[in-house]
Amino acid sequence: MSSSSQFDPVRIGIVSVSDRASSGTYEDKGLPALKEWLARALKNPIEFEARLIPDETALISATLIELVDAGCSLVLTTGGTGPALRDVTPEATLAVAHKEMPGFGEQMRQISLRFVPTAILSRQVAVIRDKSLVINLPGQPKSIAETLEGLKDADGAQVVPGIFAAVPYCIDLIGGPYMETDDAVCKAFRPKSAIRPPR
């Protein structure tokens, strides 16, 4: 039995929202950053559904619905969350929400404020649609990793928890697969009653 077969398979949607990257003006860095971090953080076998699309509200909403309908338990977007006129990812995300999860956005801004005062301009949101958790992440690869993973001191001790620590239990609660993280990257938190014994 391979080491990954003891873990539930997970389908994850990753969406990079950028006019310029989607038109080929420059190379998209969001999708590779998301894939790299998730592959490090999760022990589960992952099937990625990747999309690179422009900053169009209707298209973003349609893409999120498509990924949820395709069975993605988690959908992560990157880009389009600032105050610029073409930044519409949060509006498109809220438009397809069944429930809003404001704690994720609040924590992402708290983490980013440790680095830049302009973090208060970020408008990331997180929502639940059906049995999927959809989270808007920042656009920069470094910021993506920081918000997912949190901040650690020089000895590797957690200073500020990243948002991903809460993701596996949230997925449990909405009926998704049991996600297991590599504690060295990001230790998932579950109440003792929700922890599944190793197979």
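Two strands count as paired if DSSP finds at least two bridges between them. The legends below describe a predicted model.

**View 1. Strand 7 and strand 8 form a hairpin.** Strand 7 (residues 150-152) pairs with strand 8 (residues 158-161) in the antiparallel sense, over three bridges. K152 stands opposite Q158 of strand 8. Five residues lie between the two strands, and in the turn G156 has a positive phi of about 90°.

**View 2. Strand 3 and strand 6 pair within the predicted model.** Strand 3 (residues 74-78) runs in the parallel sense with strand 6 (residues 132-137), and five bridges join the pair. L137 in strand 6 is the bridge partner of T78.

**View 3. Helix 2 packs with helix 6 (residues 141-149).** Their axes are 9 Å apart, at an angle of about 30°. Angles under 35 degrees count as roughly parallel, so helix 2 is roughly parallel to helix 6. The crossing of the two helices is right-handed. Helix 2 contributes G30, A33, L34, W37 and R40 to the contact, and helix 6 contributes P141, I144, A145, L148 and E149. By class, seven residues of this contact are nonpolar, one is polar and two are charged.

Note on methods. Residues are numbered from 1 along each chain as its sequence is written. This is a predicted model: local features need pLDDT of at least 70, side-chain atom pairs count only at pLDDT 80 or more; totals for chains, interfaces and linings use all residues. Side-chain values use heavy atoms; hydrogens and water are left out. Helices (H or I, at least four residues) and strands (E, at least two) are DSSP runs, numbered from the N terminus. Axes are lines fitted to C-alpha atoms, for helices over the stretch in contact, and angles run from 0 to 180 degrees between N-to-C directions. Angles under 35 degrees count as roughly parallel, over 145 as roughly antiparallel, 65 to 115 as roughly perpendicular and the rest as oblique. A crossing is left-handed if the near helix is turned anticlockwise from the far one by less than a right angle, and right-handed if clockwise. Contact means heavy atoms within 4.5 Å. Ala, Val, Leu, Ile, Met, Phe, Trp, Tyr, Cys and Pro count as nonpolar, Asp, Glu, Lys and Arg as charged, and the others, Gly among them, as polar.
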